[in-house]
Amino acid sequence: MTDTRISKLRAVAWDVDGTLVDSEPLHHAALLAGSRRWDVDLSDLPGEAFRGIHMGDVWTMLRPRLPESLAQAEWMAAITDHYIDNRRSLAPLPGALETIEALAARNIPQVCVSNSHRRIVEANLDALGIASHMRFLVAIDDVAAGKPDPEPYRRACAKLGLEPGAVLAVEDSATGALSAFRAGLPVAFCIAPPAPLTHPVIRVDALTRILDFFD
């Protein structure tokens with residue numbers, strides 16, 4: 001599908017995991033390593049079992065496999081600590097750094113809107129060296145409901161002081177794309193979706209194509 005709501009774009013709202021950084025392998029490794037602290041073996045799970053799903057929902061889905069006495073906060077802290085300790089293994093996705101730097105040179109505001117916790121997002125930005133190019137970030141900690149709820153993108157537009165139609169969301173998951181679409185943002189989808197999407201998106205075959213919308 002093609003999004004027909006493109007007007008004059010003035011800012012970019014980036015998803016981070018899977019859009020700017022190839023983080024799924026580290027997220028999966030952190031999930032397994034963190035859970036092993038309680039002798040829980042999750043190695044049967046596929047590597048992208050929870051792509052685009054925030055950790056509160058992952059906890060709910062995995063709760064039957066975890067010890068009854070285990071607190072959610074303790075489990076999530078163990079996973080987050082492993083991820084942050086190993087963030088230097090992260091690599092940017094092709095075109096990510098070039099596109100962000102080119103937009104910054106044009107004074108296009110850029111923000112991050114993520115379903116991850118703030119510490120994870122900050123670790124990603126630090127690993128890629130792009131934190132200085134982002135006006136702010138909206139993490140799962142900042143909202144009552146994460147993607148696919150529209151709240152994260154609505155909050156980002158409000159902080160930017162822009163109408164949703166003036167902010168291009170860049171996503172790699174159906175969950176994130178639906179969140180942005182519900183908030184009224186045009187959506188650039190940067191990979192082939194795992195299943196047909198039920199709402200319009202702009203398909204881009206490379207992140208550098210984002211620059212075409214800001215000539």
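A residue is termed buried when its relative accessible area is under 20%, exposed when that area is over 50%, and partly exposed in between. In the predicted model described here, Asp81 has a relative accessible area of 27% and is therefore partly exposed. Arg119, at 43% relative accessibility, likewise counts as partly exposed. The side chains of Arg119 and Asp81 form a salt bridge, in which the closest N and O atoms are 3.1 Å apart. Because Arg119 belongs to helix H5 and Asp81 to helix H3, this pair ties together parts of the chain that are 38 residues apart in sequence.

The two helices also pack against each other. Helix H3 spans residues 72–85 and helix H5 residues 118–128; their axes lie 10 Å apart and form an angle of about 10°. The arrangement of H3 relative to H5 is therefore roughly parallel, since angles under 35 degrees fall in that class. On the H3 side, the contact is made by Thr80, Asp81, Tyr83 and Ile84, and on the H5 side by Arg119, Ile120, Ala123 and Asn124. Grouped by class, the residues of this contact comprise four nonpolar, two polar and two charged ones.

Salt bridges are also found elsewhere in the model. Side chains of opposite charge can pair when their charged atoms come close. The count of salt bridges in the structure comes to eleven. One of them joins the side chains of Lys147 and Asp15, with a distance of 3.0 Å from N to O. This pair links distant parts of the chain, 132 residues apart: Lys147 is in the loop between strand E3 (137–138) and helix H6 (151–160), whereas Asp15 is in the loop between strand E1 (11–14) and helix H1 (24–36). Lys147 and Asp15 are both buried. Together with Glu171, Asp15 and Lys147 are linked in a network of salt bridges.

A further salt bridge connects the side chains of Arg65 and Asp44, at 2.7 Å from N to O. Arg65 is located in the loop between helix H2 (55–62) and H3, and Asp44 in the loop between H1 and H2, so the pair ties together parts that are 21 residues apart in sequence. With a relative accessibility of 36%, Arg65 counts as partly exposed. Asp44 has a relative accessible area of 51% and is therefore exposed.

Key:
Residues are numbered from 1 along each chain as its sequence is written. This is a predicted model: local features need pLDDT of at least 70, side-chain atom pairs count only at pLDDT 80 or more; totals for chains, interfaces and linings use all residues. Side-chain values use heavy atoms; hydrogens and water are left out. Axes are lines fitted to C-alpha atoms, for helices over the stretch in contact, and angles run from 0 to 180 degrees between N-to-C directions. Helices (H or I, at least four residues) and strands (E, at least two) are DSSP runs, numbered from the N terminus. Angles under 35 degrees count as roughly parallel, over 145 as roughly antiparallel, 65 to 115 as roughly perpendicular and the rest as oblique. Contact means heavy atoms within 4.5 Å. Ala, Val, Leu, Ile, Met, Phe, Trp, Tyr, Cys and Pro count as nonpolar, Asp, Glu, Lys and Arg as charged, and the others, Gly among them, as polar. A salt bridge is a side-chain nitrogen of Lys or Arg within 4 Å of a carboxyl oxygen of Asp or Glu. Buried means under 20% relative accessible area, exposed over 50%, partly exposed in between (1.4 Å probe, protein chains only).
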